[in-house]
Amino acid sequence: MSSIVYAIGWHMVGAASAASFYAPIGKVKKWSWETTWAIAGLFSWILLPISVSMALLPHFREFYAGLDTNTVVRTLLFGCMWGIGNVSYGLTMRYLGMSLGIGVAIGTTLVVGTLIPPILHGQLMFLFTTRSGMLTLSGIVVALFGVAIVSYAGHQKEEQLGLTAQQFDLKRGLLLAGMCGIFSSGMSFAIDAAKPIEVAALHLGVRPLYAALPSYVIIMGGGALVNLSYCIVRLAVKSELSFKTDYSQPRNVLARNFGLAAAGGTMWYLQFFFYAWGASNIPQSLSYVNWMLHMSGYVLCGGLVGLALGEWSKVNARPVSILWAGMIMIIAAANLVGLGMAF
């Protein structure tokens, strides 16, 4: 039972880091979003994964050179898939607004990223024919409802505050949100595809708590390839955007912006650092619940962070009550999953 508590706890720590990463990034001034995202990504997708792996692996280059090519390619491609989901996230917000866009995107990636891996591994019947599977499946369903309720609360808040999408378009927005959710679940597929890399790290004596971290060099490398290419192309072709304009700011502004972007990127990486810690405490046969715990925890912690930052202080009691109802449902979902793992 203690390992289950540790698993859920570490997943919530990672989710809290994910929910909070935009706080420092949102304080960056006089920089384009593309430059800010690229600097944050330099830390979260490249520097930190490589630095952590170099600290863990006694022979860094030899380890990656000895990996199976098929495993590396599949892991990298799923990482690229996840990167496409990141890029389309902003477009989803443009056409649906924050709350509705997040609700549809997170709901989609929660279902797709949680259920597809066990289906591919022939575990589908386990979900429907065992008490453990049924409890876990119930947790997924409750989490999905919780995400929907939290998103509805956010939509009510936006209406009361007069916040609207830049170019509201329901059909286009729902299509993009669905695509964003599907492509974002590429991280779940990449982690599943990278299991042989985790096994290789274990054989070298890396502790189970850290064994999944070397795979992030490849997974996040794929995400970096897509995201950084997008940012660089945007900065190169858009006349109102350029590195020259962003880096012509005074030194104190540059130093502050760089520090804030780096902090946001570090927090973004830490979500998956602690994801690995949570996953190490969950039996391999139930590894599919990791993604559900992470994504539902992301929505839960996002609501708590919003309350802590005063984002709900200017709305009436109804949306806040709805928000709490959704967050309680997500907590109940985590408990259902925990019960499913206990059987």
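Reader: Is Trp291 buried or exposed?

Author: Buried means under 20% relative accessible area, exposed over 50%, and partly exposed in between, with a 1.4 Å probe and protein chains only. Trp291 has 3% relative accessibility and so counts as buried, and Tyr275 is likewise buried, with a relative accessible area of 4%. This is a predicted model, in which local features need pLDDT of at least 70 and side-chain atom pairs count only at pLDDT 80 or more, whereas totals for chains, interfaces and linings use all residues. Residues are numbered from 1 along each chain as its sequence is written, and side-chain values use heavy atoms, with hydrogens and water left out.

Reader: How many aromatic pairs does a search of the whole structure find, and what kind of pair do Tyr275 and Trp291 form?

Author: A pair of aromatic rings is described by the distance of the centres and the angle of the planes. Rings of Phe, Tyr and Trp (its six-membered ring) pair if their centres lie within 6.5 Å, and planes under 30 degrees apart count as stacked, over 60 as edge-to-face and the rest as tilted. The search of the whole structure finds 21 aromatic pairs. Tyr275 and Trp291 form an edge-to-face pair, at 6.3 Å centre to centre with 65 degrees between the planes. Tyr275 lies in helix H14 and Trp291 in helix H15 (residues 289-308), so the pair ties together parts that are 16 residues apart in sequence; helices here are DSSP runs (H or I, at least four residues), numbered from the N terminus.

Reader: Which residues do ring pairs link into a cluster?

Author: The cluster linked by ring pairs holds Phe21, Trp33, Trp37, Trp45, Trp82, Tyr216, Trp268, Phe272, Tyr275 and Trp291.

Technical notes:
Helix = DSSP H or I, 4+ residues; strand = E, 2+ residues; numbered from the N terminus.
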